[in-house]
Amino acid sequence: MSPFAYRKPAALDEALALAGPGARFIAGGTNLLDLMKQDVLRPKLLIDITGLPLRGIAPTGDGGLLIGALVSNAELARHPEVLRRYPLLSRAILAGASPQLRNMASTGGNLLQRTRCYYFYDTATPCNKREPGSGCAARDGLNRIHAILGASEHCVATHPSDMCVALAALEAKVVVAGPEGERRIPFADFHRLPGDTPHQDNNLEDGELITAVELPPTGFASHCAYLKVRDRASYAFALVSVAALLELDGGLIREARIAVGGVAHKPWRDSEAEVALIGQPPVEASFHAAADILLRDAQPLAHNGFKIELARRCIVRALSDAIGGGRP
Amino acid sequence: MNATATDEDEGRFAAHAVTLTVNGQRRQVEIQPWVTLLDLLRERLGLTGSKKGCDHGQCGACTVLVNGHRINACLTLAVMHEGAEVITVEGLAEGDALHPLQAAFIEHDAFQCGYCTPGQICSALGLIVEGEARSADEIREAMSGNLCRCGAYPNILAAIEQVLADDERRPE
């Protein structure tokens with residue numbers, strides 16, 4: 001690790017005032033310190049935000065839930081209101097990492113996880129995300145874990161988070177504070193596709209800090225499922241994961257949400273696929289049709305072609321599981 | 001570490017005073033901000049029970065309890081744990097009386113080389129404190145953050161199952 005200075009502000013405005021070039025906020029640190037040990041990141045100043053009052057989980061005025069950025073993944077996954085009203089979120093969180101990591105990792109930090117692309121981590125290889133303009137070693141390298149949707153010639157990395165797949169399906173909002181004050185970013189607009197700026201994972205402005213994640217009132221608690229497929233039984237990143245939410249009415253689908261992880265630079269949603277399910281019976285044929293729409297533009301690389309069929313099957317199974325897979 | 005501070009940097013990289021309780025003992029140290037909790041325990045406090053396996057949070061050999069929660073000591077900065085209560089494998093036995101988990105690991109031969117064992121035991125303690133895992137499948141899932149390259153998993157599982165069962169039999 002390269003040397004750095006360390007500050008621990010006690011108030012939000014103090015933390016924001018310390019932000020600047022070369023500085024990074026740290027909370028759980030599970031991904032940031034890993035990247036610093038690999039020399040991928042070399043901040044000059046770490047701003048420890050664990051002293052800020054961002055640990056609450058509280059109802060919002062409109063019936064949603066406001067989750068402080070410092071709430072640990074473990075605490076969030078077992079919070080009674082989350083289990084009761086947003087079981088999808090709890091299941092997605094528990095599908096990720098290990099108990100030790102979930103005890104440390106924060107809500108805000110989970111959103112800011114970097115890709116686990118091997119080449120992003122390997123400073124001996126080119127990577128446009130790590131070093132803009134250097135090239136992409138994954139595109140013609142080992143790309144079994146890489147993206148099949150929304151990638152660019154500059155970057156084929158995937159977003160690693162499970163929690164974010166659930167938050168995308170639930171249509172959470174990201175609450176951020178910065179020099180210009182506070183703003184709320186719809187989850188779909190938070191993470192970016194790589195395009196020609198893959199070094200920017202998300203749409204946070206310089207100096208902005210995530211202070212909370214806001215869940216809307218509707219948690220689809222009766223019909224939800226999170227399905228994750230990985231290379232071993234536990235403690236591995238998703239090859240493909242699917243968050244499926246259904247609202248049923250008189251034996252037909254009234255609303256459907258499908259978010260897919262492990263396939264793109266951000267949790268992938270497709271409104272056409274979801275709209276196609278409205279008014280349909282909740283049967284495999286409907287789910288297959290939706291999966292076909294969602295995957296219509298999927299592009300395989302040399303080693304990840306299996307992900308297209310895997311994603312198709314995962315979507316169908318997650319939607320099928322969601323019919324009966326709600327709150328216990 | 002390999003700090004090459006310029007004059008200007010010297011102040012910025014100053015050591016920080018940190019006070020924390022390790023295995024019930026109050027410890028006061030002056031450390032650089034980039035010292036991980038694992039390095040503090042092993043290199044400064046002489047507590048080499050917690051192991052540096054991968055140093056990236058992938059193997060769990062460094063698992064310790066901080067304020068009652070199991071974490072990877074390799075992925076956290078010591079300077080961030082002012083006032084914390086840390087428990088390592090060295091803090092589990094009471095004198096010559098082994099902790100029930102330690103005794104169960106011996107009884108069930110739950111290790112071969114032993115390198116992952118301190119992390120396994122601390123992680124199992126965290127699992128018991130959390131009180132969520134009961135069935136064999138739940139215990140396996142809840143121990144997924146601890147790798148054993150000798151493959152002693154069935155015996156590790158048996159040891160933890162036994163301690164959980166003994167806890168349940170014991171009157172409150």
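Chain B falls into two domains, domain 1 (14-91) and domain 2 (100-169), with bounds taken from an automatic or database domain assignment. The model is predicted, so local features need pLDDT of at least 70 and side-chain atom pairs count only at pLDDT 80 or more, while totals for chains, interfaces and linings use all residues. Residues are numbered from 1 along each chain as its sequence is written, and side-chain values use heavy atoms, with hydrogens and water left out.

Taken over C-alpha atoms, the centres of the two domains of chain B lie 22 Å apart. Where the domains meet, 15 residues of domain 1 are in contact with 16 residues of domain 2 (heavy atoms within 4.5 Å). About 1,200 Å² is buried between them, and carbon and sulfur atoms give 57% of this area; buried area is the accessible area (1.4 Å probe) that two parts lose on being put together, summed over both. On the domain 1 side, B:Leu65, B:Arg70 and B:Val89 lose the most area to domain 2, together 45% of what that side buries.

B:Arg70 also takes part in a salt bridge, its side chain meeting that of B:Glu130 at 2.8 Å, N to O (the term covers a side-chain nitrogen of Lys or Arg within 4 Å of a carboxyl oxygen of Asp or Glu). The count between the two domains is one salt bridge. As for secondary structure, strand S3 (residues 63-66) of chain B gives the most to the side of domain 1 that touches domain 2, with three residues; strands here are DSSP runs (E, at least two residues), numbered from the N terminus.

Notes: Chains lettered and ligands numbered in written order. Helix = DSSP H or I, 4+ residues; strand = E, 2+ residues; numbered from the N terminus.
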